[in-house]
Amino acid sequence: MRRRLVAVTLATTLTVAIAFVVPLAVLVRILATDRALDDADRAARTLIPVLVTGDRAAAEVAREQVAATSSADVTIILPGGAVLGPPVAETDLAAARRGSGVDRAAADGSRIRLTPVVGQEGTSVIQVVVPTASLTAGVGTAWLTLTAVGLALVGIAVVIADRLGRRAVAQASGVAAAARRLAAGESTARAPAADLPELDAAARALNTLADRIDALVAAEREAAADVSHRLRTPMTALRLDVDALPASAATERVIDDLAALDVAVDQVIRATRGGGEAPHAWTDAGRVVGERSAFWSALAADEQRPWSCTRPDETLPVAVDEERLAAVLDALLGNVLTHTDPPAGCRIAVDHVDGRVRIRIDDDGAGIPPGAARRGRSGGGSTGLGLDIARRTAESAGGSLLVGRGDHGGGRVDLLLPLSESEGFTSA
């Protein structure tokens with residue numbers, strides 16, 4: 001914006017300066033020529049009274065006096081043909097004796113004027129030659145002065161435009177920087193006030209928007225925390241009911257699920273009250289995948305579903321904490337068991353490709369509907385959040401989530417996470 005403002009000001013000022021300087025320069029040239037010709041005419045008029053009397057000696061003295069005080073070359077041609085001064089062209093002399101006079105420009109740029117004078121002894125002719133230097137005297141200096149004044153005005157205008165542009169750009173940059181900080185998650189960022197009314201209005205609108213976002217986020221956190229806290233009442237009732245059941249493997253699994261649910265509720269409350277998620281920790285993706293696969297394989301066995309998990313023996317560190325990775329795997333594996341009918345099986349494979357850990361989940365169902373990975377979209381009657389949670393978790397760690405069709409026609413989900421350097425890795 002600053003460069004454009006300076007460019008527009010430069011173009012406009014140059015146009016205005018040229019529109020004034022060029023006509024003034026032409027006028028100066030015309031005035032200088034007219035001044036030199038007027039001086040020559042005055043010199044010629046001083047000789048007329050002497051030529052009328054016909055006194056040659058007086059005419060010669062008068063010519064020498066005029067030539068000494070004037071920059072023009074003065075010549076007198078007496079009636080008898082005598083020439084006092086520089087020579088005269090015959091054609092010009094003949095035209096002047098006929099009484100028409102001569103006023104023409106010479107080849108060297110000088111101006112020649114011949115004036116006939118009728119005296120007692122006949123017609124005399126006065127020739128005045130105005131040299132080019134006299135015709136242009138002072139024109140060069142005047143043109144340089146006009147050019148300097150024009151350039152000075154242009155320079156002043158450009159400097160003023162640059163100062164205004166710099167201030168406008170600085171204030172606009174402040175608003176843009178505040179917007180970028182807000183976009184980066186710095187909720188306390190605010191745009192500074194600006195001197196320009198338009199920028200100040202934009203800054204105030206941005207600050208109002210930031211305040212509104214803070215209020216909405218705070219209200220959402222409080223609502224999420226309240227809802228999570230209210231879950232404890234039915235969870236407590238459910239736990240009491242489970243405790244009243246006879247001991248069995250199924251009862252133990254339900255108790256473990258309730259414990260996991262209780263931990264998840266605690267995490268939600270801490271996250272909403274704390275204003276965000278905890279920083280990512282490093283964890284071994286292969287180990288977490290193995291644990292969650294073993295957990296869900298029990299339910300798959302109850303439904304007589306084929307279930308397999310393949311993972312390398314080496315450690316595969318990724319920048320996702322164990323709880324978040326486990327939640328993602330639970331969402332993906334839970335989708336397989338929820339949205340496919342028995343005996344559709346599931347195959348889980350963990351490996352690393354091109355510096356990334358790939359967690360691939362293939363099922364034998366009907367496939368995943370297009371667009372199911374978008375938040376709130378599902379073709380199976382669910383909330384549509386499972387795949388979106390997995391996608392956001394992967395992207396927050398610098399990875400991605402790919403949804404497609406497997407080799408056997410069922411659904412395929414590839415969770416890709418950057419493989420961390422093993423140095424400094426500590427399993428979560």
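How much space lies in the second largest pocket? In this predicted model, the answer is about 250 Å³.

View 1. The pocket holds about 250 Å³ of space. Its lining is made up of 13 residues, and the closest to the centre are Leu182, Ser187, Ile213, Asp214 and Val217.

**View 2. The helices and residue classes of the pocket lining.** Two elements, α5 (139-183) and α6 (197-230), each give two or more residues to the lining of the second largest pocket. Of these, α6 gives the most, with 8 residues. Sorted by class, the lining has 8 nonpolar, 2 polar and 3 charged residues.

**View 3. Arg111 in its strand.** Look for Arg111 in strand β4, which covers residues 111-118. Is Arg111 buried, partly exposed or exposed? Arg111 counts as partly exposed because its relative accessibility is 23%, and that class lies between under 20% for buried and over 50% for exposed.

**View 4. The surroundings of Arg111.** Setting aside neighbours within four places in sequence, Arg111 is in contact with Thr33, Leu37, Asp103, Arg104, Ala105, Val128, Val129, Val130 and Leu135.

**View 5. Arg111 and Ala40.** These two residues are 71 residues apart along the chain. In the model, a distance of 9.9 Å separates the C-alpha atom of Arg111 from that of Ala40.

Note on methods: Residues numbered from 1 in each chain as written. Predicted model: local features only at pLDDT ≥ 70, side-chain atom pairs only at ≥ 80, totals over all residues. Heavy atoms only, no water. 1 Å grid on protein atoms, 1.4 Å probe; cavity = no way out; pocket = protein on both sides within 12 Å on 5 of 7 lines; lining within 4 Å. Points joined across faces, edges and corners; volume = space filled by probe spheres on them. Helix = DSSP H or I, 4+ residues; strand = E, 2+ residues; numbered from the N terminus. Nonpolar A, V, L, I, M, F, W, Y, C, P; charged D, E, K, R; others polar. Buried < 20%, exposed > 50% of the residue type's maximum accessible area, 1.4 Å probe, protein only. Contact = heavy atoms within 4.5 Å.
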